[in-house]
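I opened a new notebook page for this one. My plan is to go through it slowly and write down what I look up as I go.

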Amino acid sequence: MRASSMNDRWTATGGASAPGGGLMHRLDARTKMAISLLGSVAVMVLADPVALGLLLAASLGYALTLGRWRMLLACHAGIAAMLCVAFGLMHVMHLAVPRMSPLEPVRLLVPFLRLAIMVNVVLALALSTRVQAMLSTLKSLRLPFCVYIPTAVMVRFVPSFVADVRQVSETLKTRGYRVNPLFLLRHPLLSMRLLFVPLVFRALRAADELGIAAELKGLGYADRLRPCRTVHLARRDWAAMVAALVLVAAGVGLQLRAGWGGGGMF
Amino acid sequence: MKMTASAPGAPHLPVLEVPDAPAPPSALSPSAPPPSELSPSVRSGALRRAGARYWAVRELVTVGVFAALTKVSSLLVALVGGGMNPLTLMLKNLVFTVLALVLLFKLRKPGTLLLFTLVNVLVSMLLMGGGFFLLPSMLVAGLAAEGIILLLGGYRNELALVAGIACYDILFKAGSFGVSWLFVREQPELLWFTGVVVAIGYLGALAGLPVGLRFLRELRHAGIVHE
């Protein structure tokens, strides 16, 4: 019962699912996965900053429907900090080796635009999709049995292990250890021993128990996997996918206008 | 059908959606007829399915649990130490190598590394989108590592397993470097930084081999991994 309620409440990343339902929470997991895959392909193919800027604006709007402003802000602040560090390091490299090609801030910006787009679409998927929806989606993909079982176990176990990590860190606090970046730097081996070893032991025990339980339940004797309920895509899912395709097509159009010579794939 | 398994003090075992399966012919179920009373077609079908399956369910569950543990451990190390900290990069790779080594020593079945890789890639692809371009390089690395393990004596040979993991790590890192070129191709000088990151990661993975062997010694001592 406890595990079942956890199953409903937790997202695939181990965070608590936001209550209620914005647009993002009502979209089917397959739609969000498709948008995520489309985004990953689009950012690799496109190289024009204007095209990527358009996709960034759209992906930001998509992620903002989650309502997790602080997390989005923190992620984008991190990306901006990485951009500043890269810019500083590149500047130092150009001072040290003047023969290098001149530093162009716009070209340097492009990889970080890609990163920001991917962060937006991935956060939207990971923070709004419940584990149960993810498992149903996996089942509907009709993967081979030997791939489906470990994948389903993995998706299901990530939140459980995140909860285990919390327990382990609370235990360490009780014992007087303060695990932080400084502790990790000063005592890397002890940190590994304190954090990692209990997790591995719990995982090994859980794997054995769950494996035996699965065999006793007769898992694997069915001819094929049958989803408990058939999930159909709603009109809003089709609308979201069409909107994503239109945006990527507009990005490709902008890239064509700018030409493929500026670092595009073709 | 839902399945739970829990014991006092055990980690809360989750609900796993089980395919709607007919119960296996088993003496554990009093209502089920013994295999001898089943019709020949049903009996042969069930036995054929059970016999033809290369992977036992228990092994598949172990692969899934280790794949989850790998993801969570990497996330934990990155959160505690910071993502771009060189020590964190080394530790993340060290943890991956140790876990992969423990998994191979626990299951000792050809194809384990490939399945572990496939599951990791699939989840990365579905949940993170970014794994899409890593798929070919990871699969090539997994296949090459499996080939090396078989060439060096198979899963019974400890040295073969260590060599296979080392080979997997270097091939996968080479693939990651190629993917990073796709990401930063407009400013190729950034590849120097990604190259340094990849090299530090590989050093961590190499360090993970002796650590993993030491860890395995402890697990054997505890009776968790058998000879």
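**Entry 1: ground rules.** I call two residues in contact if their C-beta atoms, placed from the backbone, lie within 7 Å. I keep in mind that this is a predicted model, where local features need pLDDT of at least 70, side-chain atom pairs count only at pLDDT 80 or more, and totals for chains, interfaces and linings use all residues. Residues are numbered from 1 along each chain as its sequence is written, while chains are lettered from A and ligands numbered from 1 in the order in which they are written.

**Entry 2: the two chains.** I looked up the secondary structure, taking helices (H or I, at least four residues) and strands (E, at least two) as DSSP runs numbered from the N terminus. Chain A has eleven helices and zero strands. Chain B has seven helices and two strands, and from its N terminus the order is β-β-α-α-α-α-α-α-α.

Next I looked at burial. A residue is buried if 20 or more other C-beta atoms lie within 10 Å of its own, exposed if 12 or fewer, and partly exposed in between. In chain A, 37% of the 266 residues count as buried; in chain B, 43% of the 227 residues do.

I also checked how far along the sequence the contacts reach. In chain A, 80% of the contacts with a separation of 6 or more join residues 24 or more positions apart. For chain B, 58% of the contacts between residues at least 6 apart join residues at least 24 apart.

**Entry 3: the core.** Which residues have the most contacts inside the largest nonpolar core? I first needed the term: a nonpolar core is a set of buried Ala, Val, Leu, Ile, Met, Phe, Trp, Tyr and Cys residues joined through C-beta atoms within 7 Å. The largest one has 115 residues, and Val65(B), Ala68(B) and Leu69(B) have the most contacts inside it. Helix H3 of chain B, residues 86–107, gives the largest share of this core, 15 residues. I noted as background that nonpolar side chains tend to be buried together in soluble globular proteins.

I then followed Leu69(B). Leaving aside neighbours within four places in sequence, Leu69(B) is in contact with Phe161(A), Leu199(A), Val200(A), Ala203(A) and Leu99(B).

**Entry 4: H6 and H7 of chain B.** I used axes that are lines fitted to C-alpha atoms, for helices over the stretch in contact, with angles from 0 to 180 degrees between N-to-C directions. The axes of H6(B), residues 158–184, and H7(B), residues 190–221, come within 10 Å and cross at roughly 165 degrees. That angle is why H6(B) counts as roughly antiparallel to H7(B). My cut-offs: under 35 degrees is roughly parallel, over 145 roughly antiparallel, 65 to 115 roughly perpendicular, and the rest oblique.

The residues of this contact divide into 14 nonpolar, five polar and two charged. Here Ala, Val, Leu, Ile, Met, Phe, Trp, Tyr, Cys and Pro count as nonpolar, Asp, Glu, Lys and Arg as charged, and the others, Gly among them, as polar.

**Entry 5: a stop at Ser180(B).** Beyond four places in sequence, Ser180(B) is in contact with Leu191(B) and Thr194(B). I also found Phe133(B) 47 residues away in sequence and 10.0 Å away in space, C-alpha to C-alpha.

**Entry 6: helix pairs in chain A.** The axes of H5(A), residues 69–96, and H6(A), residues 105–128, come within 10 Å and cross at roughly 160 degrees. I therefore wrote H5(A) down as roughly antiparallel to H6(A). Their contact has 14 nonpolar, one polar and no charged residues.

H4(A), residues 49–64, packs against H11(A), residues 235–258, at about 160 degrees, with the axes 8 Å apart. So H4(A) is roughly antiparallel to H11(A). Val50(A), Ala51(A), Leu54(A), Leu55(A) and Ala58(A) of H4(A) meet a group in H11(A) that includes Leu247(A) and Leu254(A). The class count here is nine nonpolar, two polar and no charged.

**Entry 7: H7 of chain A.** In H7(A), residues 131–140, the buried residues are Val131(A), Ala133(A), Met134(A), Leu135(A), Thr137(A) and Leu138(A). After H7(A) comes Arg142(A), with a positive phi near 55 degrees.
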